[in-house]
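User: Could you show me how to read the packing features of a protein model? I would like the general idea, then the case at hand.

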Amino acid sequence: MQVLKFGGTSVANAENINKVTGIVKQALAKNRTIAVVSALGGITDLLLQSGTLAASGDESYKEKLQLIEQRHIETVKALLPLTQQSSILSLVKKSCNEIEDICNGVFLLSELSWRTKDKIVSYGELLSSQIISAQLKAIGIDNEWKDSRELITTDSQFGNALVDFETTNKKIKSFVDHSKHNLFIVPGFISSDPSGITTTLGRGGSDYTAAIMAAATDANVLEIWTDVSGMMTADPRLVSNARVIPHISYQEAMELSHFGAKVIYPPTIQPVNKKNIPVWIKNTFAPEDTGTLIETVSSKNGNSVRGISSINKIVLLSLEGSGMIGIPGFSKRLFEALSSEKINVILITQSSSEHSICVAVDETNAQKAKQVVDAAFDHEIKMNQVEPLIIEKDLAIIALVGDNMKSHPGISGKMFGALGRNGVNVRAIAQGSSERNISAVISVTDVKKAVNVLHEEFFETTYKQLNLFITGVGNVGSRFLSQLNKQRNYLKEHLRLQVNVIGMANSKKMLFNDNGIDLDAWKDALQGGEAMSLNKFVDIVKSKNLRNAVFADVTANNDVATCYDQLLEKSISVVACNKVACSSAYEYYSKLKRLSREFNASFLFETNVGAGLPVIGTLNDLLRSGDKVTKIEAVLSGTLNFVFNNYNGEKSFAEVVRQAQDEGYTEPDPRLDLSGTDVMRKIMILAREAGEKIEMEDISNKAFMPESCMKGSVADFYAAMAKEEKHFKNIYDEASNAGKKLKFVAKYENGKAEVGLQHIGPQSDFYHLYGKDNVVLFYTERYPEQPLVVKGAGAGAEVTASGVFADIIRAARV
C-alpha cells in the first residue's frame with residue numbers, strides 16, 4: 001500500500017487535476033494506492049468567508065456561494081465527458097444548496113459556531129474528492145470513493161479534533177482489507193465524532209489524514225504532492241539560491257516545519273514517524289524532480305545545518321522583577337496563565353539570574369496574554385516585586401536546524417557572527433539540549449536579510465553576494481563600473497564573490513534593481529530612472545536592508561558625505577572616494593570611525609590619499625603591527641606634480657593646468673589642487689589615521705597662487721592665471737637657476753602639519769618624481785632613517801577607480 005496526498009494547489013483547477021490523475025495512474029501500476037485530496041485551491045477560504053459574512057449579517061455571502069458553485073461546475077465540465085457530467089453536476093448543485101441552507105441559518109442566528117464552521121468547510125474536500133473519483137473512472141481507472149468521516153473517529157473538539165487512533169485504525173484496516181479495489185479516493189481534513197457529527201483535523205488536516213491512512217495500513221510510503229519540489233534549505237521567496245533538501249530526518253522536518261516551513265505541518269507526520277514509514281515531498285508540477293525524502297535517520301550531506309526557517313508576526317512577552325529571584329513557581333504560574341487562554345508558546349528563554357523569563361507567542365495573542373498574566377501576578381505587581389508584562393512587537397524567529405549540529409562546536413558562533421556583521425540585532429536566543437535547533441528572535445524587518453546571510457554562510461559554498469549602491473557615475477564612477485563588469489568572472493572564480501550593483505545615482509537620476517543593474521546597459525537604464533533625491537536614495541538603501549551591503553561615494557559632494565553615519569548605523573559599509581567626510585571636522589571623522597566599529601561595517605577611503613596607491617592601507621598596517629609614526633613627508637598632488645613637471649615657461653602655466661584638467665588629473669575645480677587645499681586634506685587624513693587629533697586650521701599652507709586667481713568662476717580662474725604668467729615664470733626660474741625642481745610638499749611631524757611649494761635638490765627622494773606620480777615617506781620607529789616609501793601614479797580616473805574597486809573588495813572580505 002502507498003498513500004498519496006494532493007494539496008489545494010495540486011487540485012486547484014481542471015488542468016492541475018489532470019496532472020494529478022496522471023501521477024495516480026503511474027503510482028497505481030506499482031501498488032495499491034490511497035489518494036487523499038484537499039479542496040480545490042481557494043475553496044476552503046471562500047467557504048469560511050461565506051460563514052463569517054453570514055454571521056455578521058452581510059448578505060454578500062451569497063456571492064461567495066455563487067463563486068463556489070461556479071468553480072465546481074466549471075471544473076466538472078472541463079474534466080468529464082458530457083455524457084458523464086449529469087450525476088456529478090447534480091451532486092455539486094445539491095451540496096451547494098446544503099451549504100446555502102446552513103449559511104442562511106447562520107445569517108438568521110448571527111452565530112457561527114465551530115461545529116457549524118466544520119460542517120461548512122467539509123464540503124470543499126467532499127466535492128473535490130468525488131469529482132476526482134469520477135474523472136478517474138471516466139478515463140478508465142477503477143477506484144472506490146470513501147467518505148473519510150466513516151473512517152476517522154475523533155472527539156468533539158470542533159476545529160481541531162483529536163483522533164481516536166484505536167478506533168480509527170481498526171476502521172481503516174477493515175475497510176481496506178475487505179475492499180477488492182486497488183485505488184481509493186478519500187477526502188482529507190474531515191472526520192467525525194462518535195455521534196457521526198462532522199469534525200475537522202485542524203491546520204494541515206489533509207496531510208494528517210494521509211499520515212493516519214498510511215500508518216493504519218502499514219503503507220510502504222507516504223507521498224505528499226504539493227507545488228514545490230521538496231523541502232528547501234530556506235524559503236525560496238526570501239532566498240533566490242535556496243535548494244531542495246534531498247534527505248531529512250523526521251525530527252529535522254518537524255523542527256523546520258514548526259518554524260515556518262509550510263510544506264508539512266509537524267503533527268501530520270507523527271503517525272508515520274512512529275511506524276518508520278518514509279515520507280516523500282514531491283512536486284505535482286514537476287513530478288520528475290526527486291523531491292525530499294523524510295525518514296528516521298537521514299543521510300549526511302556534509303553540512304551541519306540542514307535548513308533555515310523563520311516565523312513572522314511574533315511578540316516577546318517578558319516577565320521581570322527582583323521578586324522572582326530564588327522563588328520557585330513563577331515559571332509554572334506564567335505558563336498556567338497562558339495555557340488557560342490556550343496561548344501557544346513558541347520559544348522560551350530565561351536568564352540565569354532568574355530576574356526575568358521571556359517567551360514568544362503569536363502576535364494575535366499579545367493583548368490576551370498581557371491581561372491574563374498581569375491578572376495572575378496582580379499581587380506581585382502591586383507589591384513592586386514584578387513588573388507588568390512587557391510586550392515587544394514586530395518581531396520574528398529565525399532558526400537553524402540540523403541533526404548534525406549536535407556536538408559540533410562553532411555553529412552558534414558562526415550564526416551570530418554572520419548576523420552581527422550584517423547589523424541584525426538578536427533580541428533573544430534559545431537552543432534545546434538536543435542541539436538540533438538554534439533559534440533567535442530578531443526584528444521582522446531583518447528577516448529577509450538574516451535568512452540570506454545565514455544561507456550564504458552555511459550553504460552557499462559557490463560565492464558570496466555583495467550588494468552595491470553607488471553615487472557618482474561620472475569620470476571615475478563610470479571607469480569603476482567598466483572595471484567591475486570586466487572583472488566579474490574573475491571575482492566569481494577566484495574570490496567566490498558576486499558583486500551586484502543594486503542602486504546607482506548621478507546628480508540628476510537614480511536607479512534601483514534588486515536583481516542587479518545590467519552593467520552593459522546601465523547608462524540608458526539610469527537615463528530612464530527617477531529624479532534623484534539624495535534623502536530618498538539613502539532611505540531606499542536603508543529600507544532594502546540587504547546583506548553584505550556597500551555604499552560607494554564617488555562624488556565630491558558635501559551632502560552625500562553627511563549621510564555616511566546613517567548608513568553605518570544600519571551596518572552598511574561605506575567606501576568613500578569623496579574626501580569631504582574624512583577631512584571635515586574631527587568630531588564627524590571620529591564618529592564615523594566609531595560607528596564603523598560599533599556596527600561591524602567597513603569605512604574605507606584609500607583613494608582619499610594617492611588615488612589607487614596603498615597609502616592608508618600601508619599606514620594602518622604599520623600601526624596595527626605596533627609601529628609608531630614619527631614623521632610623514634609626501635608629494636600628494638598628482639595634479640601639482642604633473643603641472644610642475646610639465647611647466648618650463650615654453651607653454652603658459654594656464655595651458656599646462658588646462659592640460660592636466662583635460663587629462664582627468666584635477667578636481668572638478670582645479671583651484672582645490674593649486675591652492676593646496678586638497679593636499680592639506682590629504683596630509684590631515686594621514687595625520688588623523690596616525691592618531692593625531694587635527695583640524696584644517698591647524699595646518700599651515702605656504703600657497704603660491706596669487707589672490708586674483710582664486711576669485712570668481714573656473715573660467716575667471718583661467719583668465720586670471722594668464723594675466724599672472726610672469727609670477728609663475730619667476731617661481732620656475734628661481735628654482736631652475738638653483739638647479740632644483742618645484743614640488744608641492746606636505747609634512748607631518750611632532751603633531752604639526754604643513755604644506756607648501758619647495759625647491760627640491762637632486763639628493764631628495766622627491767627630485768626624480770615624474771608625471772602625475774605621488775610619493776609618501778613614512779618615518780617610524782622601525783624606519784627611522786631610511787623611510788618606508790609608497791610611490792606611483794597619484795591621479796587619473798583609471799587608477800582612482802581601481803582604488804575604489806579595491807576598497808569594495810576589501811569590504812566584502814571582512
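Analyst: Happy to! A nonpolar core is a set of buried Ala, Val, Leu, Ile, Met, Phe, Trp, Tyr and Cys residues joined through side-chain atoms within 4.5 Å; buried means under 20% relative accessible area, exposed over 50%, and partly exposed in between (1.4 Å probe, protein chains only). This is a predicted model, where local features need pLDDT of at least 70, side-chain atom pairs count only at pLDDT 80 or more, and totals for chains, interfaces and linings use all residues. Residues are numbered from 1 along each chain as its sequence is written, and side-chain values use heavy atoms, leaving out hydrogens and water.

User: Which residues touch the most other members of the largest nonpolar core?

Analyst: Tyr564, Phe653, Ile683, Leu686, Phe704 and Met721 do, in a core of 86 residues. Helix α25 (residues 677–689) gives the largest share, seven residues; helices are DSSP runs of H or I, at least four residues, numbered from the N terminus. Another core, of 45 residues, lies apart and includes Leu4 and Val106.

User: What is Leu686 in contact with, leaving aside neighbours within four places in sequence?

Analyst: Contact means heavy atoms within 4.5 Å. Leu686 has Val609, Val615, Ile616, Leu619, Ile632, Leu636 and Val776 as partners, with those neighbours left aside.

User: Is Lys726 buried or exposed?

Analyst: Lys726 is exposed, because its relative accessible area is 65%. This lysine lies in helix α27 (residues 725–737).

Methods:
Helix = DSSP H or I, 4+ residues; strand = E, 2+ residues; numbered from the N terminus.
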